[in-house]
Structures are given as structure tokens and as C-alpha cells.
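Biologist: I would like to learn how to read a model like this one, feature by feature. Could you take me through it?

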Amino acid sequence: MEKPEKLIIDGKRLDGRAPEEMRPLKIEAGVLKRADGSAYVELGENKVLAAVYGPREMHPRHLQRPDTAVLRCRYNMAPFSVEERKRPGPDRRSVEISKVTRQALEPVLFLELYPRSVIDIFIEVLQADAGTRTAGITAAAVALADAGIPMRDLVSSVAVGKIDDMIVLDLTKEEDQWGTTDMPVAIVPRKKLVSLLQMDGNLTEEEFKRALDLAFRGCEQIYQAQRQALKEKYAIKPEGE
Amino acid sequence: MYEMISKVRRDYIGDLARQGKRVDGRALNQYREVSVEVGSIKSAQGSALVKLGRTQVLAGVKIQHAEPFADRPDSGVLIVNAELLPLASPTFESGRPGEDAIELARVVDRGIRESEAIDLEKLAIKSGEDVWAVFIDIYALDHDGNLIDASALAAMAALLNVKTPEDEAWTLPGLPVTKKPVAVTIAKINGKLMVDPCLDEENVMDARITMTTIEDGSLCAMQKGGIGCFSREELEQAYELARAKSVELRAHLG
């Protein structure tokens, strides 16, 4: 695709959204039978599946820790999830994303309750349109809750960015490619703490503050959708309905 | 990359932090002694050895012909690689780069790439066929904490030290380096923010944030690490620290 002359025309983005508007979001909890917990997230054209296994015995055993569980995380993109086929298996990008995802989720878990065990999180991106790491974190948090693992809170995640010198919420692939800045953020909502923050591009002080504002607001929306998804699965429905 | 640390040491460092003190006597906003020595490796086009206290990182730059990426036929190529050598720490192992080495390389890469510190457009030779590739290889020699800042500084110092390749295809006066991004890493221990964590501090910190800024003080890259969190106020405070400290570090780049 050629670079469009402008990414925002008359206050609207290429897909018709306002700068502070998120793409349509769908979250479903408990979509996989075998996994201990699972969730499916659609954010715009992103389709992401997360599964949680554990706490279970850690193998290989030399990786066991006597005082705590280990959290393992694998972020992976399907070969058919992007325009040009991605070679299967981990690359440098997915190794880094797996690490920051794990660190974004670990603050809400009580790993010390499960010595010698492991909690595995598998995130599979089935279709990608920018913002897959944040959709993956959003899905993984719901999957952890669905697995019945005690948590201090959920983790909600979304990216903000800068296009045409404007700070906007939730970039699409085109906006990520042709815009100047991408800043993925994950938040522990009730305490308003940032558990993931990355950025590349360019932000002045004003822009950084505005980007944080927008990220907090976006994550609040995600948080409500995550809670709703869990309620839908676990609410006790009166008989006869 | 967490190492075993005794509980008494952990508590000691935590207690000190609560009082605004540090295990090596520094102020919270004070770097260890910084030294930058360039050009010691003759086989590289540019090189730099950076020391932050006892942490030592060597960066070497090689410039070679390469094929451009298909979507950028007229742009040079930048490749950053980092190796956590087994001689640098008892916790580093031989073999392919693990997640810590990959993260380190990618954080340094983003600082240089996103600030457009190297004008890659000038590194085209023949459109779609031949461009210059700038390889930055980061070699951690001694790990006493804060490899990120040492590596980012070494990478920039090595780039600024580059001698033009002896190749008739090279027509530029020198490597087109237009900005000097500088990474500043801030650790959080017991709610206190401190720059340039030493190894002991890294082993007990709740979290870290690396903020890379350019000369005008604007951000070009960020990376949070560790399993703790930052509040909004802490992030803004960290940015203030990063801006102030980047001026000091940048002075070492000449």
C-alpha cells in the first residue's frame, strides 16, 4: 500500500473513527475445552486466542522453584496472520513480546501460592492488524481468570500512537506503518498502575502525557469489556431462561 | 536475569532505598563513574568500550554491502545484535541469544532507529540491489548492572567513531549520524526511583523503565521491564530524571 497523504481527514481516521475511539471490541471467555482457562479477543481485524494451563507440575524439573510458581508465556503469530506468510516459530520480536507480556501479567498473580509449579500462557495471533501484543495481554488476563487462578485484578491493555501529529487510540496496521509513534500500554485498572509500557517513535512531554491519558481511558473501556465477558460466562442464570 | 540474593541483603537494599540511600553510597539521581573509550578495535569501522562503574560493554560497528529490504529499496539497513557473553556473569550461558539478550538488542535498536540517528536514506548504492548495512554488535564483557544504558551509549559512541570504509562505492564524507539518542534506565525499589541500578539493585528492584531521549528532550523509545508496576506520577517523574541525566551522558559522546 502507498503512503496515504493524510491519516486524519476532517477529524476522522481512515476507517472513520474519531481520534479517541477504539475499534469494535469483542471478548469471549472459556472458548477452549481442554485448556484450564481460555479467552478469545477481537479488536477490529485482530483475532487473538489465549489459553492458560496450570498451575501444574513444572517440567523440566530443574526449572522448578522451591518457593514459587514460574509464569511462562508464549506469544506466537500464525503464519497466515499477516500479509506475507510469517515463518513459523519464534523470532526476535515474538521472544521480546513474550517476555514483556509475562511481566505485564505477573504483578496480578500470587505465584508464591504454588511452589514448584508452572502456569503456562499461550497466546496465538490468528489474524493481525496492529495491537496484537495488547490484545494478547487482554485475552490472557481473561483466560487466567477463567482458569480460576487467584488474581489481584485483571490486566487491560491497548496501544496509543501518533499520526499526523495527533495522539490517537488503538492504531490500525496502516496507522502503525505510516504514523510516527506506537506506544503499547497495559494497566492494572483498580490501582491504576502501568505494568507494560513500550514506545517507539517520537513524543514530546505534552504528547507523552496526553498519550498516557488516552491509554488509561482506553484500558478502562477494555476492563469493562473483560469483566462483562467473565460475567456472561459465570453469571448464574435463573431457571427457565 | 534475576540472580540469587540473600534475604538480608534484599532487606538491606530495600531499607536503604526507603531512606533515599543506596548500597554503594550514591544519590538516587547519580550515575556510577562513566567512561567511554573509542577506536580500540582496529578491525571494526567504529568501536567503543563503555564502563558504568564495573559494568563493561564493548560495541563494534561493521559496514558492509547488503541487499535492501523489498519494501525499502532505497534505504540502508541497520542491524543491532547483543550478546551476553558467558565471561561477563555466572548467570550468562553460551548458545543462542536468550530473551534478555534479544530485549537488550531491540531496546538499543529502537533508540537509534526511531530517532533516525542514522540517515539510512543516504546509504543506498543501487536501488533495490545494493545498499550499505550498518551492523552494531554489542558485547557485554562484565555485568554489574544496567547493561541497557551502557550498551546504548557504547552503540552511539561506536557509530560516532566510524571511519569511512575503504570501498570505491562509498561516496559519503562519513557515516551520516544526525542525532545522539541516549538511554536512561530508572529502577524502582520500595517506591523510590533511582538511575543506573547496579547489579544488587537490579536483583531486588520491583521494576525498571528505560527512556531514550534525543537532544531536544523528546522521547524516541521506552521500555518497561521487571515484574512490578509504575504509577502515572512515577512515570512522569522518571521522564524528568531521564531528561536531566541524558544531558550528562550525551556529553561523553563528544
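Biologist: How many salt bridges are there over all chains?

Modeller: A salt bridge here is a side-chain nitrogen of Lys or Arg within 4 Å of a carboxyl oxygen of Asp or Glu. By this rule the count over all chains is 40. Before we go on, some ground rules: this is a predicted model, local features need pLDDT of at least 70, side-chain atom pairs count only at pLDDT 80 or more, and totals for chains, interfaces and linings use all residues. Residues are numbered from 1 along each chain as its sequence is written, chains are lettered from A and ligands numbered from 1 in the order in which they are written, and side-chain values use heavy atoms, with hydrogens and water left out.

Biologist: Which residue forms a salt bridge with A:Glu96?

Modeller: The partner of A:Glu96 is B:Arg106, with the closest N and O atoms 2.4 Å apart. To place them we use helices (H or I, at least four residues) and strands (E, at least two), which are DSSP runs numbered from the N terminus. A:Glu96 lies in helix H1 of chain A and B:Arg106 in helix H2 (residues 99-114) of chain B, so the pair joins two chains.

Biologist: Is A:Glu96 buried or exposed?

Modeller: Buried means under 20% relative accessible area, exposed over 50%, and partly exposed in between (1.4 Å probe, protein chains only). A:Glu96 has 1% relative accessibility and therefore counts as buried, while B:Arg106, at 22%, counts as partly exposed.

Biologist: And what does A:Lys99 pair with?

Modeller: A:Lys99 forms a salt bridge with B:Asp100, at 2.6 Å between the closest N and O atoms. This pair crosses between chains, from helix H1 of chain A to helix H2 of chain B, and both residues are buried. A:Lys99 also forms a salt bridge with B:Glu103, where the closest N and O atoms are 2.5 Å apart.

Biologist: How many salt bridges does the rule find across the interface of chain A and chain B?

Modeller: Seven salt bridges cross that interface. For the interface as a whole, contact means heavy atoms within 4.5 Å, and 32 residues of chain A are in contact with 34 residues of chain B. Buried area is the accessible area (1.4 Å probe) that two parts lose on being put together, summed over both. Between chain A and chain B it is about 2900 Å², with carbon and sulfur atoms giving 53%.

Biologist: Which element gives the largest share of the side of chain A that touches chain B?

Modeller: The elements of chain A that give two or more residues to this side are helix H1 (92-105), strand E10 (181-188), strand E11 (193-203) and helix H4 (205-234). The largest share, eleven residues, comes from E11(A).

Biologist: Let us return to H2(B). How many of its 16 residues are buried?

Modeller: Twelve of the 16 are buried, so H2(B) is largely enclosed by the rest of the structure. Among the buried ones are B:Asp100, B:Glu103, B:Asp109 and B:Arg110. B:Arg110 has a relative accessible area of 10%. Leaving out residues up to four places away in sequence, its contacts include A:Glu96, A:Gln198, A:Met199 and A:Asp200 of chain A, and B:Ser115 and B:Cys220 of chain B. Just after H2(B), B:Glu116 takes a positive phi of about 55 degrees.

Biologist: How do I check the length of a helix?

Modeller: The expected span is 1.5 Å times one less than the number of residues. Helix H2 (residues 132-146) of chain A has 15 residues and reaches 21 Å, close to the 21 Å expected. H2(A) is mostly covered, with 14 of its 15 residues buried.

Biologist: Which residues touch the most other members of the largest nonpolar core?

Modeller: In soluble globular proteins, nonpolar side chains tend to be buried together. A nonpolar core is a set of buried Ala, Val, Leu, Ile, Met, Phe, Trp, Tyr and Cys residues joined through side-chain atoms within 4.5 Å. The largest one has 84 residues, and A:Met183, A:Phe208, B:Ile112, B:Val134 and B:Ile136 touch the most other members. Helix H3 (residues 147-160) of chain B gives the most to this core, with eleven residues. A second, separate core of 44 residues includes A:Ile137, A:Leu144, A:Leu154 and B:Cys229.
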